[in-house]
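Subject: Structure handover

Hello,

Here is the structure you are taking over. My notes on what was found in it follow below.

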Amino acid sequence: MTGTRRARPLLGTLVEIAIEDDLPSADSVQLIDRAFATVARVQALMSFHNPLSELSRINREAWLRTVSVSDETWQVLTAAQQLSEASDGLFDITVAPALERAGFLPRHADHLPASSHGGWRDVELLPGQQVRLARRVRLDLGGIAKGFAVDQAIAQLRDAGVVSGSVNAGGDLRVLGNPTHTLHLRHPSLPTQLLPVSTTHAAAATSAGYFQHRQWAGRLCCPIVHPGTRLLCDARRSVTVFADQCLIADALTKILYADPERGSRVLEQFQARAVMLEPVTHSGECHVFDSAAA
Amino acid sequence: MNDDFRKWWAVPAIIIPAMVPAAIAAPAFAAQYLTQEQAQQALFPEASRFVDQPLRLTPEQASAVEKYARVRMRGAEQPVWRVEASGRHLGWFVLDEVYGKHEFITYAVALDASGAVLGVEILDYRETHGGEVRQAAWRAQFTGKRYGDGLRLGEEIKNISGATLSCKHISEGVRRVLALHQVALK
């Protein structure tokens, strides 16, 4: 294979960046370095774990006073709001407390208890890139920031003149060039087995419980919260969404995972496609549902 | 129930049957990212010399590392390079491996002279545990079907959508490398 491909641990997963152009390898290495730096910047701004991130500052202070945020965080919060509106609240970034309770996110000592009535409408985006929380809600951008980081890294490669390449952040990925490409989806209960799917969408993201589930309240759960019930979803199936932007694909997987029925109605307005894999029995049988086949 | 969705559910879903043992071997997902030399260059672009200094721990040092890192020491020798730029000590390049339930990863950690992490690069990633044979069987189900279109066995797998491992094993590995520095490279 021509080109250069590297991987680093970032965003709590392995991030792989590839350039397939026929460039001197030193140039590719340098371009990939810069793309990794972009991903690292998104992580530094939007990490829930890092108490110094911009997101942590919002969670600590924005219910007391407005907080100014960077262009990147602003873009993600704006997109999150649009997705919440489009899905009538099936996408909601105020689910952090439920994830903390189940141990998917750390508890920060300086966080006060969150309001139990809050929701995405309590995140106010004010002129001048300022954020205010109308209630003491706590935000987690885990459902969207990874996709955004992928989009940013791809934009960086494209602006640098790269024609063909890809960025894959633990399954949230986007390709540059390659109008039709083959992706492999993991079998939800046998994750080293792969299902090839051909697509013309540049980006894809998958939500599944296979490497991340936890036993919680007597059920095997994955780190996705149903915004209506504030309960964690089952870890059984996997949902992959194909879209033009990775941020959109990433966020739509959360919507489809939480509520496949209502979620499927949201796909169309984003020209997206969803493929759900659901194991039927312990024998390894698996159902494939594809919105493009409907 | 919403019509669109009923349509979706009404699609006869492709049912992937339980696997049958197959003798055909297709490669599991594997990626070779960097050779050791390329990783050295990527992590220390300004270096002029990498001095091979494999580390052999005494039993006391090994148990000190385990205690500090809360991870078991594997193997007696750790590949380590002392990194120099025109005689100046820049830091250390440490090669390491981690094994997960499904994967095997070779990676390198760059430490500066004081032992702070400068960067981590993956050299080699392989998914294992009999995946080769099982995967061939699973993929064979799609031959001639919609999902299998364009698929050839042995086709290179470039992009997998679906989380890889959580990076827990690599974080543990880096913690162990930091402990190694503390115990034997300081």
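How many bridges join strand β8 (residues 181–186) of chain A to β9(A)? There are six, and the two strands run antiparallel. One of the pairs is A:T182 in β8(A) with A:S198 in β9(A). Please keep in mind throughout that this is a predicted model.

These two strands belong to an open sheet of three, ordered β9(A)-β8(A)-β10(B), with mixed pairing. The edges are taken by β9 (194–199) of chain A and β10 (160–161) of chain B. Each of these has a single partner strand, so one of its sides has no neighbour in the sheet.

Next, the helices. Two packed helices are described by the angle between their axes and the distance between the axes. For helix α5 (residues 145–159) of chain A and helix α6 (residues 246–258) of chain A, the angle is about 165° and the axes are 7 Å apart. The pair is therefore roughly antiparallel, since angles over 145 degrees count as such. The crossing of α5(A) past α6(A) is right-handed. On the α5(A) side the contact involves A:K146, A:G147, A:F148, A:V150 and A:D151, and on the α6(A) side A:C246, A:L247, A:A249, A:D250 and A:A251. Sorted by class, this contact has six nonpolar, one polar and three charged residues.

Helix α5(A) also packs with helix α1 (residues 25–46) of chain A: their axes come within 9 Å and cross at roughly 150°. That angle makes α1(A) roughly antiparallel to α5(A). This crossing, too, is right-handed. Among the residues in contact are A:L31, A:R34 and A:A35 of α1(A), and A:A145, A:F148 and A:A149 of α5(A). By class the contact of α1(A) with α5(A) has 10 nonpolar, four polar and one charged residues.

Finally, two loop residues. Most residues other than glycine have a negative phi. A:L11, in the loop between β1 (4–10) and β2 (13–19) of chain A, has a positive phi near 55°. A:Q129, in the loop between β4 (123–126) and β5 (130–133) of chain A, also has a positive phi near 55°.

Is each of them buried or partly exposed? A:L11 counts as buried because it has 22 C-beta neighbours inside 10 Å, and the cut-off for buried is 20 or more. A:Q129 has 17 such neighbours inside 10 Å and so counts as partly exposed.

Regards

Methods: Residues are numbered from 1 along each chain as its sequence is written. Chains are lettered from A and ligands numbered from 1 in the order in which they are written. This is a predicted model: local features need pLDDT of at least 70, side-chain atom pairs count only at pLDDT 80 or more; totals for chains, interfaces and linings use all residues. Axes are lines fitted to C-alpha atoms, for helices over the stretch in contact, and angles run from 0 to 180 degrees between N-to-C directions. Helices (H or I, at least four residues) and strands (E, at least two) are DSSP runs, numbered from the N terminus. Angles under 35 degrees count as roughly parallel, over 145 as roughly antiparallel, 65 to 115 as roughly perpendicular and the rest as oblique. A crossing is left-handed if the near helix is turned anticlockwise from the far one by less than a right angle, and right-handed if clockwise. Two residues are in contact if their C-beta atoms, placed from the backbone, lie within 7 Å. Ala, Val, Leu, Ile, Met, Phe, Trp, Tyr, Cys and Pro count as nonpolar, Asp, Glu, Lys and Arg as charged, and the others, Gly among them, as polar. Two strands pair if DSSP finds at least two bridges between them. A residue is buried if 20 or more other C-beta atoms lie within 10 Å of its own, exposed if 12 or fewer, and partly exposed in between; C-beta atoms are placed from the backbone.
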